[in-house]
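The questions below ask what lies behind some of the descriptions used for this structure. Each answer sets a computed value beside the criterion it has to meet.

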Amino acid sequence: MSQIETQTTTGETEEQIRDEWLEYEFDGETALSVEDLDVFYGNDQALQSIDMDIPEKSVTALIGPSGCGKSTFLRCLNRMNDRIDAARVEGTVEFAGENIYDDDVNLVELRKRIGMVFQSPNPFPKSIRENISYGPRKHGDIDTGLVARLLGRDDRDEEEELVERCLRGAALWDEVHDRLDDNALGLSGGQQQRLCIARALAVGPDVLLMDEPASALDPIATSKIEDLVEDLAEEYTVVIVTHNMQQAARISDQTAVFLTGGELVEYGDTDQIFENPQSQRVEDYITGKFG
Ligand SMILES: Nc1ncnc2c1ncn2[C@@H]1O[C@H](COP(=O)(O)OP(=O)(O)OP(=O)(O)O)[C@@H](O)[C@H]1O
């Protein structure tokens, strides 16, 4: 578990908030470094001066009341907000030594390395196998087509290996290995969501962004996703938005608390945030006084 040693912020203005950040350190490397990030939708500001280093190979939970900017922040981490016309992003997000907002960043490559899983499972209406192999085929990493075969390049073995590895990685293999050619839409909601996670793994990401991945699922399916998220963090950096504070407390290593107005109010070790929050507003939020 990453150990974030200190964190605080209670000030009312952006400047005060920044000034009150204490030095903090965690074990291990930084996967994503966010600096002075502002986001606007038209004239409305959705995020204000966010600074945040996200440690690699751990689970970072983003919590806060509805509309505080959690999803907006998550989308900033792989430039999904580029798809929203009204959205304007200022500041930097450093990943692998580069600012992902630089003009020359290849968005396809970026989103291969920083994948996303959405709230509602959205598998392609194709077979389970094709859901996994679609991305790598599109990127030209595997080719099992007729021309490839005629040219002596037939990646069917690689495809089989990839499908099994990703389904195992998403804790779904045991449930579906004997029906890989069945349509993915025939799976349960929880299975579909794990398939979407497997699909995200298939292109070889370093980071997985998850926007309330269990909110549409029943308690048993939710518990499987939670176990999976914890396992994934052994190999991947996971950033997860959740409305469910118990879920954040159960599965995350560090927690970022956003509050209304798009402010990051507290960020630190999950146990500390839940047991000993530094700011009154965060304590009020996590004890259910508002939100
Ligand atoms: N596409 C958009 N166009 C305009 N405003 C938007 C858009 N998406 C989000 N917003 C606004 O930005 C603010 C932050 O929204 P966001 O969805 O990031 O919050 P959230 O914390 O994820 O909320 P929730 O928990 O309800 O999903 C809100 O005021 C929202 O209305």
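This is a predicted model: local features need pLDDT of at least 70, side-chain atom pairs count only at pLDDT 80 or more; totals for chains, interfaces and linings use all residues.

Q: What makes the span of helix 6 close to the expected one?
A: Helix 6, residues 156–169, has 14 residues and reaches 20 Å from its first C-alpha to its last, and at 1.5 Å a residue the expected value is 20 Å, to which the computed span is close.

Q: Which residues of helix 6 are buried, and why are they said to be on the same side?
A: Glu159, Leu162, Val163, Cys166, Leu167 and Gly169 are buried in helix 6. They cover an arc of only 155° around the axis, and therefore they are on the same side of helix 6. The buried residues pack against helix 4 (128–138), helix 7 (173–176) and helix 8 (189–201), whereas the face turned away from the buried side carries the exposed residues Asp157 and Glu161.

Q: Why is Glu235 called partly exposed?
A: Glu235 has 13 other C-beta atoms within 10 Å; because a residue is exposed at 12 or fewer and buried at 20 or more, Glu235 is partly exposed. The place of Glu235 is in the loop between helix 9 (219–232) and strand 8 (237–241).

Q: Which helix gives the most to the shell around the ligand?
A: Helix 2, residues 70–76, gives the most, with three residues, and 13 residues surround the ligand, the closest being Tyr41, Ser66, Lys70, Ser71 and Thr72.

Definitions and conventions. Residues are numbered from 1 along each chain as its sequence is written. Helices (H or I, at least four residues) and strands (E, at least two) are DSSP runs, numbered from the N terminus. The expected span of a helix is 1.5 Å times one less than its number of residues. The arc is that of the directions from the helix axis to the C-beta atoms. Two residues are in contact if their C-beta atoms, placed from the backbone, lie within 7 Å. A residue is near a molecule or strand if its C-beta atom, placed from the backbone, lies within 6 Å of it.
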